[in-house]
Amino acid sequence: MASRRRSCTGADGASSAAKKPKETPQRHIAALVLARGGSKGIPLKNIKPLAGVPLLGWVLRAAVDSDVFHSVWVSTDHDEIEKVAKVWGAKIHRRSPEVSKDSSTSLDTIKEFVRLHPEVDVICNIQATSPCLHPSHLKKALEMITLKGFDSVFSVVRRYQFRWQEVKKGAGEMTKPLNLNPAKRPRRQDWDGELCENGSFYFTTKELIMDHDLLQGGKMGYFEMSPEYSVDIDVDIDWPVAEQRVLRYGYFGRDSPEVVRLMLCNISGCLTEGRIIFSASGEEMLAINVRDTTGIHMLQREGVEVVLLTSSEDPVAQSLVDKVAERTGCQVRQVGEEPLVDVKAMLEERNLTWKDVAFMGNDKPDISCLNLAGLSAVPCDAPDVAINAAKYTCSSTAGQGAVRDFAEHIVLQKQKARSQMEQDRIDRNTF
């Protein structure tokens with residue numbers, strides 16, 4: 001997103017901030033995500049997969065990669081949420097039963113955290129339900145506190161909606177317009193709109209919280225986020241909408257590639273479901289889903305080379321290499337027990353870096369490649385150890401469309417990159 005200021009107290013875009021807060025070391029800046037286990041609308045909503053990543057994972061990835069926090073915490077009362085939070089790089093604050101009730105407020109929970117962690121001086125309360133948060137948003141907002149002297153900064157979005165006051169709920173009667181003159185309705189381009197909290201984050205000093213019971217106060221500033229990043233999941237009906245939004249505007253990590261040039265995919269456990277089928281004559285056979293071969297052809301049309309991997313430990317796949325290669329139009333390469341060694345050699349052959357690579361694996365031997373690749377994925381039925389290492393979890397199982405799912409994800413990221421490059425070109429020509 002190109003950087004463009006709307007006011008002296010709000011901005012979108014990338015930041016040139018250093019990798020540590022630009023303040024004296026003794027001022028500790030912490031990110032805190034509140035993730036209670038007792039959500040009534042969507043059970044365990046905070047760790048429900050959204051576009052292949054636990055909801056909580058989206059904001060934790062942005063917080064960790066922003067490099068502006070001395071510590072990143074999740075406040076929770078639930079064991080499963082704790083496990084997910086640790087995988088995504090957070091420390092855990094086990095909140096007390098007193099602040100885990102339905103009636104507990106965010107302020108109550110944050111005050112408990114600050115009381116038990118007196119080393120923290122500035123707190124950024126990040127909402128777990130804001131999956132389109134980016135590190136650049138956090139960097140720019142924090143600079144308003146560290147460099148400009150604000151006591152509290154919170155995220156907003158600009159809305160262009162006319163509001164009316166209701167006389168009696170459900171009666172269809174109104175008393176007065178709240179932000180317009182019906183006789184002189186402004187055109188959108190003639191109206192600055194209104195700033196509305198979008199709930200993504202709230203930076204606050206410890207003094208405001210503990211001495212004044214406030215999350216917003218003192219010298220207040222706002223950070224304006226574009227509407228496409230202002231996603232807040234409150235009810236289940238928002239989920240499919242949010243999933244499409246996060247695929248297009250979410251933050252996929254600092255190593256996410258601008259352009260994928262090579263896709264590496266295991267045959268067994270990704271392209272096939274792992275079953276061996278025996279014919280009446282005793283022949284061993286593998287089944288490949290047409291949806292997955294269509295996904296491979298989709299990538300090839302986008303200029304992505306697809307190489308299929310087979311293991312020396314899988315004699316059935318080995319015996320069908322020629323047929324698989326013919327059917328998919330892909331080169332098939334054998335890898336050893338540790339695929340990383342052979343994959344590194346393939347990258348060197350093509351003069352590529354890991355950032356140019358999308359890798360699809362399915363089990364423990366693939367973990368190193370899943371961690372290193374710019375984009376990585378596993379089928380949704382992969383073991384937890386592989387799911388935790390991947391950047392994306394497919395919605396389909398192995399052999400039943402998982403490869404197609406990942407292919408669509410890769411194509412979407414390429415489209416995003418092209419769109420961003422075009423926007424950057426327009427911005428350079430405009431300014």
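Which residues is Leu32 in contact with, leaving aside its neighbours within four places in sequence? The legends below begin with the whole chain and return to this residue in the third view.

**View 1. Overview of the predicted protein chain.** This is a predicted model in which local features need pLDDT of at least 70 and side-chain atom pairs count only at pLDDT 80 or more, while totals for chains, interfaces and linings use all residues. Residues are numbered from 1 along each chain as its sequence is written, and side-chain values use heavy atoms, with hydrogens and water left out. The protein chain has 13 helices and 21 strands; helices (H or I, at least four residues) and strands (E, at least two) are DSSP runs, numbered from the N terminus. Of its 431 residues, 52% count as buried, where buried means under 20% relative accessible area, exposed over 50% and partly exposed in between (1.4 Å probe, protein chains only). Among contacts (heavy atoms within 4.5 Å) between residues at least 6 apart in sequence, 68% join residues at least 24 apart.

**View 2. Leu32 in strand 3.** Leu32 belongs to strand 3 and is buried, with a relative accessible area of 0%. Leaving aside neighbours within four places in sequence, Leu32 is in contact with Trp73, Ser75, Ile110, Phe113, Ile123, Cys124, Asn125 and Ile126. The C-alpha atoms of Leu32 and Ala128 are separated by 9.7 Å, although the two residues are 96 apart along the chain.

**View 3. Strand 8 and its two partners.** Strand 3 and strand 8 run parallel and are joined by 6 bridges; Val33 has Ile126 of strand 8 as its bridge partner. Strand 8 (residues 120-126) and strand 12 (residues 194-205) run antiparallel, with 5 bridges between them. Cys124 has Phe203 of strand 12 as its bridge partner, and Asn125 stands opposite Tyr202 in strand 12. Because 7 of the 7 residues of strand 8 are buried, this strand is largely enclosed by the rest of the structure.

View 4. Thr129 counts as buried at 12% relative accessibility, and Ser130 counts as buried at 1%. Leaving aside neighbours within four places in sequence, Thr129 is in contact with Lys45, Leu55, Val231, Asp232 and Ile233. With the corresponding neighbours left aside, Ser130 is in contact with Val59, Asn198, Gly199, Ser200 and Val231.

**View 5. Helix 4.** At 1.5 Å a residue, the 12 residues of helix 4 (residues 135-146) should span 16 Å, and its end C-alpha atoms are 16 Å apart, which agrees; the expected span is 1.5 Å times one less than the number of residues. Since 12 of the 12 residues are buried, helix 4 is largely enclosed by the rest of the structure. The buried residues include Lys139, Lys140 and Glu143.

**View 6. The second largest pocket.** About 620 Å³ of space lies in this pocket. The lining comprises 28 residues, of which Pro49, Gly52, Val53, Ile387 and Thr393 lie nearest the pocket centre. On a 1 Å grid over the protein atoms alone, a pocket is an open set of points where a 1.4 Å probe fits, with protein on both sides within 12 Å along at least five of seven lines; lining residues have an atom within 4 Å of a point. Grid points are joined across faces, edges and corners, and a volume is the space filled by probe spheres set on the points. Among the elements that each supply at least two lining residues are helix 2, helix 6 (238-249), helix 12 (384-389) and helix 13 (402-430).

**View 7. Asn362.** Asn362 lies in the loop between strand 19 (357-360) and helix 11 (367-372) and is buried, with a relative accessible area of 18%. Asn362 and Ile387 are 8.1 Å apart, C-alpha to C-alpha, and 25 residues apart in sequence. Not counting residues up to four places away in sequence, Asn362 touches several residues, including Asn266, Cys270, Val378 and Ala386.

Conventions: Pairing = 2+ DSSP bridges.
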